[in-house]
Structure formats: structure tokens, C-alpha cells
Amino acid sequence: MITTTASLATRTVFRIGYGALQLERLHDRRGEAVGLLRRAVELGVDHVDTAEFYGFGFANDVIREALRPEDDILVVTKVGADSDPGGRMPLRLAQRPEQLRASVEDNLRSLGVDRLAVVNLRRLDTGPGLRPEGDQVVDLDDQLAVMTALRDEGKIGAIGLSSVTLDVLRRALPAGIVCVQNAYSLVARDDEDILQLCAAEGIAWVPFFPLGGAFAGLPKATDEPAVHAVAESLGVTPSQVGLAWLLHHAPNVLLIPGTADPAHLEANLAVGEIALDAGHLATLDGIESRSNDVPIG
């Protein structure tokens, strides 16, 4: 049986948390959004992933309303991009040091706290999505300087990274990195070397797009016949198998699946009870890994 907890910053947390991005789907049903997050807490979720740009601030507003001090939930947020409601995309990069500081202040304000427990610096060096251009191409040292300054000021508790290469992680290690969020799944394992370095350094590996298929044309775990075969043999869903494989693959993996549906929430959290035996793992490990490193825009 896999271990049910792992380290994140200075905390021991359950390995399945909640990603708040999907709360945006309940924008016109705020009460349901608050209720969903309360249900997550009732089911044992003790870490939540968010950002000020999720739903143009809606996710953070819901977290502020739904979570109570006595819940003792570790809230992880991120900087490196800002909302852009009128833009071609609803997101614009915000990589410059002064923008990172402003984003931290925005998260502090919208979450209603004096200190952010963990803040991920989203670099966008790798993975599917936008790439920095022009004045948004910023040296890592300049970014880490402002992040460590914010930590020294007590506005940040710990620093994480997102969408980074192995070289960037190595360069950042002296700053004290507690987690890395990269796109990673059963069908897109390009970053295996980064995951292993994180395991060796005691850094949490928190994959986003954990089932692949974030954009059209990218591989999806739920399209794999082997995944369906394992799911059928266990009486679970293909999505659950894809998530369970991640938990079995390395002990420092934390999951942050998001959903706007209570039943789906329960299904995600039940993944921690799925036992994959050696035969299941051999079948799943045999699935070809394909790249998901596709720039968008």
C-alpha cells in the first residue's frame, strides 16, 4: 500500500489535495463553490492550490470565504502571470521582479492573509503553454532575489517553482525550493530526471495536467487501452488509474486534481485507496511517453 502522506514545506500533508482552478466553473453559483471547498475539507483535504488569476480572483475569494483558521489548510499560490480579461487570452505573463512582488501583494489581499504559506514562481521554461518574450524574459537570479526578499519580509513562507527545466531547478536549489509543479503524467514523462532530483532533495513533485491532454493533440492517459484494462480489472475509472499511477510512481508526488462536481471530488480523493500491484504497474509503465512540450500563442 502506498503512503498516504508526504512533506510539503514544513508540513506533512495528505498526498491528494485540491486544485482551485475549476472553481471558476461555479462563478455564478458561489454558494456551491464554497460548499464544494468545505466538502473537500470534510473529506480530508489539507492543501489547496490556487492563484489570483484563477477566475479573475474568484478562486481566492471562495477560499477566503470557505476556509477557516481552525481548518489549518496549507494554501499554495503562484505568481508569474496575471489576469488579462480584455486580452486575446485571459492571461498575460508577469515575470519581472516588480510584477512578482505585485502578484504576491494581490494574493495576500484577495486571500485575506498576512503571509502566503507557499508561493510558486511559474517560469514557463517548459511544458505546454505560453513562452516569455521581450521584457518577460527575466533571469532566474533576479526573480529569486525578489522571492527570497519577500520570504525574508515574512510575506512568503516558502518558495516553489513551476514549469522549469532541470538546469533551472539545480540553479534554484540554494534558495530553498520546497515544491515543483510541472506538466507530468503517465503519458508524458519528459521530466523524469527533474522528479528524481526532487525526490533526492526532499522536494514535493506536484504535477499539473496529471492526466495529460491539456491541449488538442496532446496525449491523454484516459485514451490508453492499457489504462482502461487496468481500470476494468480494479472496478475504477481510467482517470482514477492515471492518478493512482502517479502516487505509486514516486513517494514525493502530491496531487492537486480540480473539479466543480462533488461526486468527482470524492472520486479523486478515493484514488489514494487504489492499490496497483506489480502487474498493473508493469502494464502502465510500458505505455509510451510522448512529449507535451507544445508552446501556445
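**Close-up views of a predicted model**

Residues 24 or more positions apart account for 76% of the contacts (heavy atoms within 4.5 Å) in the protein that have a separation of 6 or more. The model shown is predicted, so that local features need pLDDT of at least 70 and side-chain atom pairs count only at pLDDT 80 or more, whereas totals for chains, interfaces and linings use all residues. Residues are numbered from 1 along each chain as its sequence is written, and side-chain values use heavy atoms, with hydrogens and water left out.

**View A. The whole protein, with its ten helices and eleven strands.** Helices (H or I, at least four residues) and strands (E, at least two) are DSSP runs numbered from the N terminus. Of the 297 residues, 53% are buried, that is, under 20% relative accessible area with a 1.4 Å probe and protein chains only.

**View B. The hairpin of strand 1 and strand 2.** Strand 1 (residues 5-8) and strand 2 (residues 11-14) run antiparallel and are joined by four bridges, where pairing requires that DSSP find at least two bridges between two strands. Leu8 stands opposite Arg11 in strand 2, and of the two residues between the strands, Ala9 in the turn has a positive phi of about 60°. Strand 1 has a covered face, formed by Ala6 and Leu8, and an uncovered one, formed by Thr5 and Ser7.

**View D. The packing of helix 2 and helix 3.** Helix 2 (residues 58-66) and helix 3 (residues 97-111) pack at about 40°, with their axes 8 Å apart; the axes are lines fitted to C-alpha atoms over the stretch in contact, and angles run from 0 to 180 degrees between N-to-C directions. Asn60, Asp61, Ile63 and Arg64 in helix 2 meet Asn107, Arg109, Ser110 and Leu111 in helix 3.

Notes. Buried < 20%, exposed > 50% of the residue type's maximum accessible area, 1.4 Å probe, protein only.
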